[in-house]
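Here is a short briefing to read alongside the model. Take a moment to look it over, then follow the points below.

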Amino acid sequence: MHGTHGRSDGTGGPGGGFAEEFRSFVASLPADDAGTLRRWLDEAPDAPAPGPAAGPDGGVPPAPDLEALFRDGESAPRDAGMDPTLRPRSDDPRAVRRIGVIGGGTAGYLTALALRAKRPWLEVTLVESSGIPIIGVGEATTPSMVPFLHHYLGIDAQELYEAVQPTWKLGIRFDWGARPEGFMAPFDWGSNSIGVLGSLATRDSINSFTLQSLLMEQDKVPVFDLGGGRHMSLMKRLPFAYHLDNQRFVRFLTELARKRGVGHLDARIERVVLDEETGWVDHLETDDGRRVDFDLYVDCSGFRSLLLGQAMGSPEVSFADSLFTDRAVTAVVPHDGTIKPYTRATTMDAGWCWTIPTRDDDHVGYVHSSRFISVEEATAELRRLYPRAHTFRTVHFRSGRHQEAWRGNVMAIGNSYAFVEPLESSGLMMITLGILSLVSSLPGSWSQPCPRQVVNAALAKKWDEIRWFLALHYRFNTRKDTPFWRTCREEADISGLEPLLEVFSGGAPLRFRDPVVRSFLESTAPTFYGLEGVDCLLLGQGHPTRLLPMTEPVQAWRQREEAAQVLVSHAVDAATALGSFDRDARLNTQLLENEDSWVVRTGTDRLVSADPDAPGAVRARGVADADAPGDVSDGTSGDASDDVSDGVSGRAEGREDGDGRGGGGGDGTAAQADAAAGSAGGGERAGGVR
């Protein structure tokens, strides 16, 4: 029929005999039946309008598109999170109409904006205290943040670039493992576009396995100077993330929330009152004597977990057996205009240091264990690494999660529910996943079914997967032989991934193992970033394995690598490219609207799978979510986004030493800090790294 695309099923390809048989079959039907069937089979997405039985010249009609028989007939795009049928009835006494977001910062404001964007009939009020300042630190994100901000929330890219001045992250550069040059963990690791086996065979390193890894090595981005002030961009074809200045970002979100109708209450929560019969939150009392109540409470109070943890008593599940770090010393380092297109994770004596570039300077943070080093010693070691560092702060954190994220009429998002040290940028990424979970699952009335158990199980599984993946970074890093690293190699709990490690030892990369083995691993092993993420991390660190044989001559690999190096040699640096995006709105339009863009093509799928369009649903890595003020930063991936504030007393748990205001953290290393929470429950004011 129409649009056959050379199929071999007999409808337009080599099996033309079947097409003749099918035409004969249709022709033998009663005229009305034949016409009805032809109309259906002509409705292929690329088919012209249905025509008569004869072809355009009165001859044989084109072969039918039999794929229409098996295609999803109701697959038209849906607006993720938007379900008008959930609008509550005006006469429903248990309707969910009034939402209280308790805590500001990135978690609070992103939650409020998402609820207004997808449930515009809701009355959303954000409660926070202006007495807790926003601390300006660098915050790294993962690729999912790009479609979340611009498509899910509908934030104009040029407005974001003007107000927040983001930089780009192509992945994480790890100064990790035995090889002096470390290894690249690019966001396109699922593509294997040049080839990991060829890279290992020729360089004894994985650093030539994708185009992005080569760009990161040369501190370049996929943007090219065409002359005359014009640039060509391949950013739409390679996943990337933002580095954000947390202070600018939260200020931007605050103003945007005001414009979009989010209510605001400047107050500290003094008391959470529960209903004696149901155990749900009945109302809140502020420190100035006001009583406030909502139909749903979103706890964005940071590590304090004012509602979910303190008031409702949700037990904590610690990750301390796998992740030994619990503190970070952060600082700012001048970069003299050199903006690196990645988050850097550097092995230190008692932990690691993230480096996150902003437009003005680099934000760094030494994530470490208080069992092995003092604050003074950590500060001195950080000064040795970066002699020009200044504006030092100390933040404290703990890794783990609560038993559930959603209990009764309280949903916790951000550090109030869970936090892991920032080495894989999980903070902001998991904030957005929590938001998606809430927006897509919230019933219009408490009298309707509510999928709390599914949401709690899914989010807990995701956090546990991150735990095991992070533990691999510590268990197999042989770069330093210090007491901290010896303890990690001997004691870090990686039991959740031991079966996968056994398979890896028998042959790698895992991506090239037999399809049955791969499918078993993907269905049983808790691999948050997919098998390709495990390959990158373990092969990058030189973990022992039997390498699978190449399926091509090395020369074929060399030709690809040579061509990729030519492309990289003509690419520009990040500062130049960012300037072109600042000036030329056309470049962001291509990125966000072109059908061949990774942002458009993957849509909201990328919000739950880091790289949904990579082979085998490979997940592109959320590499470091770097720093955010507050208690912790997602180290390399540092997500310090919950500034941690004591919602009841207003004390910041992730405070600067002796200051009581939330400390800063890196969203790539340690800082997904709930610290600056600044509201009754402390808002998530810090950012995370990845």
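W40 lies in helix α2, which spans residues 31-41; helices are DSSP runs of H or I with at least four residues, strands are runs of E with at least two, and both are numbered from the N terminus. This is a predicted model, where local features need a pLDDT of at least 70, side-chain atom pairs count only at pLDDT 80 or more, and totals for chains, interfaces and linings use all residues. Residues are numbered from 1 along each chain as its sequence is written, and side-chain values use heavy atoms, leaving out hydrogens and water.

**Around W40**
- W40 is partly exposed, with a relative accessible area of 41% (buried is under 20%, exposed over 50%, partly exposed in between, using a 1.4 Å probe and protein chains only).

**The whole chain**
- The chain has 20 helices and 28 strands.
- Of its 690 residues, 60% count as buried.
- Among contacts (heavy atoms within 4.5 Å) with a separation of 6 or more, 76% are between residues 24 or more positions apart.

**Confidence**
- The average pLDDT (the predictor's confidence in each residue, from 0 to 100) is 84 for the chain, and 80% of the residues score at least 70.
- Over residues 1-15 the pLDDT is below 50, and this stretch has 41 contacts in the model beyond near neighbours in sequence.
- Residues 44-60 also have a pLDDT below 50, with 22 contacts beyond near neighbours in sequence.
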